[in-house]
Amino acid sequence: MFESLSERLEGIFGRLRGRGRLSDADLDEALAEIRSALLEADVNLAVVRSFIDGIRAALVGEELSRSLSPGQQVIKAVNQQLIRVLGGEPLRIVHASVPPTVVLLAGLQGSGKTTTSAKLARWFRQQGRQPLLVGADLQRPAAVEQLRVLGRQAEVPVFSEATDPVAVAGAARGEAQRLGRDVVIVDTAGRLTIDAALMDEVRRVSEVVRPDYTFLVIDAMTGQDAVATAEAFHTTLDLDGVILTKLDGDARGGAALSVKGVVGRPIAFASTGERLADFDQFHPDRMANRILGMGDMLSLIEQAEREFDRDVATQGASRLLEGRFTLQDFLAQLQQVKKLGSIGGLLSLLPGVPKELKQANAVVDDRDVARVEAIIRSMTPAERDDPTIVDGARRLRIARGSGTSTQDVNQLLRQFRDAQQLMRSPGMLAGMLGGGGGARGARAARALAGMTGELEGVGGAGGFDLGELGSGMGSLGGVPAARSSAKGGKGKKKKGGRVTPKGGH
Amino acid sequence: MLPELAEPPRLRDRMGRTRDRLSGYLRGIRSRGAIGEEDWESIEAALLGADVGVATTTALLQDLRQRVRDGGLRDGDALMSALRQDLCDSLTSAGGAELQFVPGATNVWLFVGVNGVGKTTTIGKVARRQVEEGRSVLLAAGDTFRAAAAEQLGMWAARAEVDVVRGAEGGDPSAVVFDAVQRAAARGNDLVLADTAGRLHTKVNLVEELKKIRRVADRPPGTVTEVLLVLDATTGQNGLIQAQQFLQAVGVTGVVLTKLDGTAKGGIVVAIQRELGLPVKLVGIGEGADDLVPFDAEQFVDALFEDAPIAG
């Protein structure tokens with residue numbers, strides 16, 4: 001739906017290559033795009049303004065780099081600024097000299113406080129602490145019951161009473177001491193910032209429980225209102241940090257920037273899934289990439305490094321170059337990619353994936369991949385090497401063996417043939433080798449990808465695109481700025497490039 | 001006996017809390033003879049600040065600028081009226097706020113959405129209102145994932161004096177909805193309100209599960225007459241993607257915009273309506289059982305411009 005900032009800036013600056021300096025007009029145009037991208041990512045308007053001013057100051061009169069395209073150079077500046085704003089001093093939990101250390105969670109309704117309480121409890125337990133969960137949300141029906149269930153999952157005791165939130169909070173320290181717990185996590189009811197009575201209540205809860213840390217829990221999907229919410233809670237509770245939830249969706253999460261900009265306190269934790277384990281300390285660099293629509297490349301690269309087999313990838317690449325890429329090679333590559341996890345999840349991490357694919361990533365079905373695998377596995381080695389020998393009888397056998405229909409088999413064979421033809425054309429190779437994912441390369445890649453997608457009738461958009469993974473990973477090499485802050489970035493880039501047939505550089 | 005329901009409070013009364021902070025600048029545009037660049041910027045800031053989104057805002061303003069250039073809009077008052085009218089038009093273009101109901105059938109209204117938007121609470125409020133309107137309501141606790149979700153729905157059911165069909169925690173939500181439809185048909189309930197677990201639209205298997213729930217609910221004797229996407233007014237641009245994905249997966253018929261009593265404006269529904277043609281049917285404007293009211297485009301648009309940020 002939203003074009004990534006990097007794609008847009010490359011568009012603007014494509015014609016500027018070779019010039020020595022960014023002109024004011026170029027800069028204005030780029031800054032306008034950056035502004036749009038940040039707004040589409042839900043960064044607050046006021047925060048965008050000051051952010052843009054910062055970027056302008058950083059870029060005015062700067063020499064154009066020899067190694068970076070102007071677009072890349074601008075992205076680098078944006079990325080660095082994002083990391084600077086999002087990062088700063090990371091929060092380090094310093095435990096109270098006299099236990100317990102008390103943590104108070106507050107936020108709007110539905111931001112995920114109760115789940116976050118349990119996740120935080122689990123996190124503390126993993127740090128060797130003995131947390132106690134305190135249910136001070138007596139507002140929402142069954143909230144305490146939810147906390148008790150989650151507490152059992154996290155193996156952490158839960159304390160609450162059917163009195164009132166201030167009384168429960170007041171009893172929390174004593175209860176922790178009685179049970180010998182050294183961390184107390186207080187879950188509070190969700191409240192609107194304009195609800196004066198409830199804001200006063202949470203202030204009183206804070207006064208009696210005297211928290212060492214007060215965190216605002218905020219949904220990563222929050223729009224422009226994030227600023228008003230953060231300001232109000234900060235005024236009432238003097239926040240120590242922010243916990244960002246629901247980062248497992250596809251929201252850009254610009255609220256992180258807004259909140260950080262307004263409150264000036266670190267984003268301490270991020271919640272990335274429904275399981276209690278899906279919770280960790282916050283990585284500003286990853287968030288920066290996400291806001292810019294550049295995908296969470298770092299996570300993908302780490303995953304790829306763990307899972308990928310260099311030899312298989314290299315072999316695939318060389319066979320592709322020689323025009324001898326067979327169904328057997330395709331199967332081997334498919335295995336590699338599958339190690340990285342679900343295709344949908346993978347796509348969401350990738351930059352440079354065409355828009356139609358990104359939109360379709362929610363409907364990508366890993367079963368399509370399984371079906372293609374089943375078909376190829378039902379072929380003899382000879383058939384995999386030379387699919388032209390597959391006649392009617394063989395087709396029927398393959399269909400039966402793989403639990404598919406002869407139409408499915410036909411379709412796969414036809415698409416593989418088309419893809420092979422494309423790959424054999426000389427221009428195609430140039431496209432694939434020429435970096436930046438040439439149009440022809442992408443087309444061939446899409447043809448290959450169609451082999452998985454169209455079986456389900458969802459078209460290339462729904463299929464897994466091996467080649468696009470390639471150009472995605474390849475473009476990583478083209479956007480060094482995006483990760484310039486990451487340690488050992490260069491080496492990782494090369495490894496990233498290996499993921500695909502084209503990545504033999 | 002249910003206590004008597006008051007007249008549904010008007011959106012505007014509730015939103016009136018922020019009315020006194022209405023940006024004087026925007027109101028000032030109305031009295032201006034000539035429209036300056038600052039005025040455009042203020043309007044843009046108001047729309048963006050209300051989460052209407054860059055693309056929709058740009059499209060609206062380009063059209064208005066053209067009309068000003070063509071002489072169709074001569075002063076600030078005409079401009080603001082045209083903007084208000086454009087917004088109202090696009091918000092009503094997809095149809096009205098009536099909830100579809102087939103008399104004599106076992107109607108199923110399915111409530112879907114991401115986590116934490118207020119699905120369960122919305123069902124509680126809808127149940128009460130529908131009982132009040134004389135319908136025989138049964139609740140289906142189809143959120144078998146979130147801890148204690150069924151308990152929460154049970155408390156709402158008790159308040160509305162309706163029954164709730166529950167399954168095991170972690171059980172198959174389709175089975176719960178199936179049971180509810182069967183029981184409703186057997187007992188002569190004409191409306192099943194089916195809760196579902198919050199799910200991000202990006203989770204393929206959870207979306208598949210939702211499709212199955214819908215198929216099961218639509219099997220005779222049940223007939224799905226509404227699939228309502230519950231959307232939190234604080235949601236930013238991701239709301240459009242959510243609506244698109246849920247529409248594609250389960251054929252959403254309308255939007256319930258919750259938590260509109262806070263400082264958030266919920267402007268993303270303008271984009272949702274323009275891009276996807278999905279009408280807003282209900283808005284949540286408070287915690288009380290009566291604080292869920294039919295969507296009123298004019299009140300909503302007026303509220304969009306209240307307390308707008310100042311351009312600069």
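Me: In which sense do strand E5 and strand E6 (residues 241-245) of chain A pair?
Reply: This is a predicted model. In it, five bridges join E5(A) and E6(A). Across this pairing, Phe215(A) stands opposite Gly241(A) in E6(A). The sense in which E5(A) and E6(A) run is parallel.

Me: Which residue stands opposite Phe215(A) in strand E1 of chain A?
Reply: E1(A) spans residues 101-106. Four bridges join E1(A) to E5(A), and the two run parallel. Opposite Phe215(A) in E5(A) stands Leu105(A).

Me: How many residues of strand E5 of chain A are buried?
Reply: E5(A) covers residues 213-219 and is mostly covered. Buried here means under 20% relative accessible area. The count for E5(A) is seven of its seven residues.

Me: What share of the residues in chain A is buried?
Reply: Chain A has 25 helices and eight strands. Its length is 505 residues. The buried share is 58%.

Me: What share of the contacts in chain A with a separation of 6 or more joins residues 24 or more positions apart?
Reply: The contacts considered here have a separation of 6 or more in chain A. Within that set, residues 24 or more positions apart account for 74%.

Me: Where is Pro100(A), in terms of the elements around it?
Reply: The peptide bond from Pro99(A) to Pro100(A) is cis, with omega near 5°. Helix H4 (70-86) lies on one side of the loop that holds Pro100(A), and E1 on the other. The place of Pro100(A) is therefore the loop between H4 and E1 of chain A.

Me: How many residues of chain B are in contact with chain A?
Reply: Now to the interface. Chain A brings 41 residues to the contact. The number from chain B is 50.

Me: About how much area do chain A and chain B bury between them?
Reply: Carbon and sulfur atoms hold 58% of the buried area. In chain A, Ile194(A), Met221(A) and Glu274(A) lose the most area to chain B, together 16% of what that side buries. The total that the two chains bury is about 3900 Å².

Me: Which residue of chain A meets Glu44(B) in a salt bridge?
Reply: Two salt bridges are counted between chain A and chain B. In one of them, the side chain of Glu44(B) takes part, at 3.3 Å from N to O. Its partner is Arg35(A).

Me: How many nonpolar residues are on the side of chain A that touches chain B?
Reply: Between the chains, 14 residue pairs are in polar contact, both at pLDDT 80 or more. Helices H2 (24-40), H3 (45-59) and H6 (143-154) of chain A each supply at least two residues of the side that touches chain B. By class, that side has twelve polar and twelve charged residues. The nonpolar count is 17.

Me: What share of the residues of chain B counts as buried?
Reply: Chain B has twelve helices and eight strands. Its residues number 312. Those that count as buried make up 57%.

Me: What is omega near for the peptide bond from Pro220(B) to Pro221(B)?
Reply: Pro221(B) is found in the loop between helix H9 (204-217) and strand E5 (222-232) of chain B. The bond from Pro220(B) is cis. Its omega is near 10°.

Me: Is Ala148(B) buried or exposed?
Reply: Phi of Ala148(B) is near 65°, a positive value in a residue other than glycine. The residue sits in the loop between strand E2 (137-140) and helix H7 (149-160) of chain B. The relative accessible area of Ala148(B) is 2%, so Ala148(B) is buried.

Me: Is Lys259(B) buried or exposed?
Reply: Lys259(B) has a positive phi of about 65° although it is not a glycine. Its loop runs between strand E6 (254-258) and helix H11 (268-276) of chain B. Its relative accessibility is 14%, so Lys259(B) counts as buried.

Me: Which residue has a side chain joined to that of Thr225(B) by a polar contact?
Reply: Thr225(B) lies in strand E5 of chain B. At 13% relative accessibility, Thr225(B) counts as buried. Among the residues Thr225(B) touches are Gln100(B), Val102(B) and Trp109(B). The polar contact of 3.1 Å is with the side chain of Asn107(B).

How values were computed: Residues are numbered from 1 along each chain as its sequence is written. Chains are lettered from A and ligands numbered from 1 in the order in which they are written. This is a predicted model: local features need pLDDT of at least 70, side-chain atom pairs count only at pLDDT 80 or more; totals for chains, interfaces and linings use all residues. Side-chain values use heavy atoms; hydrogens and water are left out. Contact means heavy atoms within 4.5 Å. Buried area is the accessible area (1.4 Å probe) that two parts lose on being put together, summed over both. A salt bridge is a side-chain nitrogen of Lys or Arg within 4 Å of a carboxyl oxygen of Asp or Glu. A polar contact is a pair of N or O atoms within 3.5 Å; within protein, one must be able to donate a hydrogen and the other to accept it, and residues adjacent in sequence count only if both atoms are side-chain atoms. Ala, Val, Leu, Ile, Met, Phe, Trp, Tyr, Cys and Pro count as nonpolar, Asp, Glu, Lys and Arg as charged, and the others, Gly among them, as polar. Buried means under 20% relative accessible area, exposed over 50%, partly exposed in between (1.4 Å probe, protein chains only). Two strands pair if DSSP finds at least two bridges between them. Lists of a residue's contacts leave out its neighbours within four places in sequence.
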